[in-house]
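Let's take a walk through this fold together. Have the structure open and follow along.

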Amino acid sequence: MIGKNILVFGGSGQIGRHLIRRLTNNNHQVTVATRNSHSKGSILKTQGNPGYIEIVETNIFKEENLNNLIKGKDICINLIGILFEKKKNTFNNIHKNFPDIISRISNENKLEQFIHISALGIDYAKDSLYASSKLEGEKKIINNFPKATILRPSIIYSIDDNFTTNLMSLLNLMPFFPIYYNGNTKFSPLHVSDLAEIILSIIEKKICSEIIECVGPEEISFREILEKLLFSIKKKKILIPFPIFLAKLSAFFFELFPKPLLTRDQLRLLKYDNVLSGDYKSNIDIGYTPKLRFEDQIKKYSYMWRDGGEYSK
Ligand SMILES: NC(=O)c1ccc[n+]([C@@H]2O[C@H](COP(=O)([O-])OP(=O)(O)OC[C@H]3O[C@@H](n4cnc5c(N)ncnc54)[C@H](OP(=O)(O)O)[C@@H]3O)[C@@H](O)[C@H]2O)c1
């Protein structure tokens with residue numbers, strides 16, 4: 001395939017780093033927009049051969065910057081997302097207003113594809129601001145760029161995630177671990193390299209005008225995820241079901257910190273299963289069956305949290 005000119009927003013994040021490597025390996029020229037080229041530049045520059053990555057520092061709230069970035073590109077991929085709000089970075093600004101603007105500009109500039117990463121389960125989690133803002137954002141995108149492809153992934157994991165690695169650190173430190181809703185919420189964890197392959201195949205097969213749910217090869221509950229992580233780091237900890245009023249109270253205090261461990265909005269989101277809904281196509285329907293199983297993959301890095309390992313307490 002002839003390489004495309006691809007603009008990636010949020011390319012320095014977990015999914016972005018893995019995706020950019022795949023894109024450049026497949027001959028695509030990637031421009032990454034970041035808020036801070038000084039801190040993110042060194043990570044981003046190593047994700048492709050010289051000449052394949054351009055890094056542009058930008059303020060995503062300035063429309064003229066966005067116009068200049070999008071002009072002349074073939075494809076725009078939006079990976080910007082937040083889990084908690086901070087000043088101007090509200091859910092509405094990041095998940096709704098920003099995708100609204102870039103999808104409109106992408107349409108005005110006649111881009112071939114607009115690929116947006118949303119999240120699984122947002123139709124149901126109506127009481128979560130994260131979910132409702134993602135849903136509103138999707139509607140704006142479809143209205144502005146009807147050919148857009150929207151991906152709704154379940155939880156994404158990898159050696160450099162904020163999910164399994166944080167959980168293993170907490171499981172290491174705490175004498176017991178609180179679980180919410182009895183740990184029954186189901187997830188379909190997808191390895192980040194599988195998601196990067198799915199995005200690549202959307203580009204190669206020119207898949208447009210679809211909402212696609214992206215899931216891994218298994219459905220496992222939050223309790224099972226913790227049990228698998230504990231088994232993998234060879235630790236025994238008691239998992240204690242936590243009453244929701246206590247969880248809400250602790251989340252309220254966590255929210256006072258700059259990077260909260262848990263927010264009340266995340267707690268609301270955790271009530272809902274994060275698995276295929278059956279209402280949309282999935283990665284399997286577009287020909288991509290995920291290969292990597294949760295237990296096999298975490299084994300490759302969990303040793304660092306075992307006794308004597310770099311992150312063991
Ligand atoms: N990871 C998951 O498990 C998961 C699951 C479902 C859906 N998703 C969605 O997938 C997308 C990518 O997720 P990810 O895990 O890769 O995210 P991430 O690691 O948190 O990275 C997000 C990126 O967004 C950019 N960003 C955040 N706030 C910004 C702001 N105010 N202005 C400009 N840029 C901002 C950051 O780039 P700079 O700092 O370089 O500007 C950051 O690299 C998100 O929309 C997320 O909601 C993720």
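Two strands count as paired when DSSP finds at least two bridges between them. Keep in mind that this is a predicted model. Here, strand β2 (residues 29–34) and β3 pair in the parallel sense over 5 bridges. If you want one spot to look at, find A33, whose bridge partner in β3 is V56.

Now zoom out. These strands belong to an open sheet of 8 strands, paired in parallel and ordered β3-β2-β1-β4-β5-β6-β11-β14. β3 (53–57) and β14 (281–282) sit at the edges with a single partner strand each, so one side of each has no neighbour in the sheet.

| Helix | Strands touched | Direction |
|---|---|---|
| α1 | β1 (5–9), β2, β3 and β5 (113–117) | about 160 degrees with β2 |
| α4 (residues 91–108) | β1, β4 (75–78) and β5 | about 175 degrees with β4 |

α1 (residues 14–25) has another partner too: its axis and that of α7 (residues 192–204) come within 9 Å and cross at roughly 55 degrees. That's why the two helices are called oblique to each other. The crossing is right-handed. On the α1 side, Q14, I15, H18, L19 and R22 take part, meeting V192, S193, L195, A196, I199 and L200 of α7. Sorted by type, the residues of this contact are 7 nonpolar, 3 polar and 1 charged.

What about the ligand? It is surrounded by 23 residues, and the closest are G10, S12, G13, T34 and G81. This shell splits into 12 nonpolar, 9 polar and 2 charged residues. Our friend α1 turns up again, giving the shell its largest share, 3 residues.

Notes:
Residues numbered from 1 in each chain as written. Predicted model: local features only at pLDDT ≥ 70, side-chain atom pairs only at ≥ 80, totals over all residues. Axes fitted to C-alpha atoms, helices over the stretch in contact; angles between N-to-C directions. Helix = DSSP H or I, 4+ residues; strand = E, 2+ residues; numbered from the N terminus. Parallel < 35°, antiparallel > 145°, perpendicular 65-115°, else oblique. Left-handed = near helix turned anticlockwise from the far one by under 90°. Contact = placed C-beta atoms within 7 Å. Nonpolar A, V, L, I, M, F, W, Y, C, P; charged D, E, K, R; others polar. Near = placed C-beta within 6 Å.
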